[in-house]
Amino acid sequence: TFLVALLDVNAADSRETVKRLNLLNGGQTGATVVAFFGGEVDEKTIFCFNTSPSFEVVAAPRADLKRLYRKLPKFFQLKEGRVSRIWDGVPPTPEEVS
């Protein structure tokens with residue numbers, strides 16, 4: 001099971017979002033969290049330094065990511081290669097991912 005997060009690394013609530021995603025990564029849920037953001041590698045460095053994610057954060061072209069959302073953040077649960085659930089705005093709870 002994977003939990004894919006599409007993030008705005010400049011959002012005011014990004015620290016809180018990362019804290020919640022850190023709790024979902026592995027542990028009780030068994031999910032692997034992977035986050036994508038539209039931007040450059042230097043933005044990733046600053047974001048990771050400031051928020052300390054325990055999961056992989058990947059820079060991607062903004063234009064490519066924009067096709068996947070209307071508003072950030074957005075979260076997708078993948079099971080067996082298929083999207084099984086979608087959350088908008090806030091990460092799911094551990095109970096929702098399990």
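1. Start with Thr93. At 29% relative accessibility, Thr93 counts as partly exposed, because that value falls between the 20% limit for buried and the 50% limit for exposed. The model is a predicted one. Thr93 sits in the loop between strand E5 (82–88) and helix H4 (94–97).

2. Which residues does Thr93 touch, leaving aside its neighbours within four places in sequence? Thr93 is in contact with Arg20 and Leu24. Look at Leu24 in particular. Thr93 and Leu24 are 69 residues apart in sequence. In space, their C-alpha atoms are 7.7 Å apart.

3. Now find the sheet. Five strands form an open sheet, and their order is E3-E2-E1-E4-E5. The pairing is mixed. E3 and E5 are the edge strands, each pairing on one side only. On average, neighbouring strands of this sheet are turned by 25 degrees against each other, direction ignored.

4. Take an antiparallel pair. E1 and strand E4 (residues 74–79) pair in the antiparallel sense, over five bridges. Here Leu3 stands opposite Gln77 in E4. Helix H1 packs on the sheet and touches E1, E2 and E4. The direction of H1 makes about 170 degrees with that of E1.

5. Take a parallel pair. Strand E2 (residues 32–38) and strand E3 (residues 56–60) pair in the parallel sense, again over five bridges. Ala35 stands opposite Val57 in E3. From E2 the chain crosses through helix H2 (residues 41–51) to E3. This β-α-β crossover is right-handed.

6. Which residues of H2 are buried? They are Glu43, Phe47 and Thr51. They lie on the same side of H2, because they cover an arc of only 45 degrees around the axis. The covering of these buried residues includes strand E1 (2–7), helix H1 (14–24), E2, E3 and helix H3 (62–66).

7. The face turned away from its buried side carries the exposed residues Val41, Asp42, Thr45, Ile46 and Phe49.

8. How do H1 and H2 meet, at what angle and with their axes how far apart? They pack at an angle of about 70 degrees, and their axes are 10 Å apart. H1 and H2 are therefore roughly perpendicular to each other, because angles from 65 to 115 degrees count as such. H1 makes the contact with Ser14, Arg15 and Val18. H2 makes it with Phe47, Asn50 and Thr51. Note that Phe47 and Thr51 are also among the buried residues of H2.

9. Most residues other than glycine have a negative phi, and most peptide bonds are trans. Ser52 has a positive phi, near 55 degrees, and is a residue other than glycine. Ser52 follows H2 and lies in the loop between H2 and E3.

10. Glu80 also has a positive phi, near 55 degrees, in a residue other than glycine. Glu80 lies in the loop between E4 and E5. Is Glu80 buried or exposed? At 84% relative accessibility, Glu80 counts as exposed, because the limit for exposed is over 50%.

11. A cis peptide bond joins Leu72 and Pro73, with omega at about 0 degrees. Pro73 lies in the loop between H3 and E4.

Conventions: Residues numbered from 1 in each chain as written. Predicted model: local features only at pLDDT ≥ 70, side-chain atom pairs only at ≥ 80, totals over all residues. Heavy atoms only, no water. Pairing = 2+ DSSP bridges. Helix = DSSP H or I, 4+ residues; strand = E, 2+ residues; numbered from the N terminus. Right-handed = clockwise from strand over helix to strand, strands pointing away. Buried < 20%, exposed > 50% of the residue type's maximum accessible area, 1.4 Å probe, protein only. Arc of directions from axis to C-beta. Contact = heavy atoms within 4.5 Å. Axes fitted to C-alpha atoms, helices over the stretch in contact; angles between N-to-C directions. Parallel < 35°, antiparallel > 145°, perpendicular 65-115°, else oblique.
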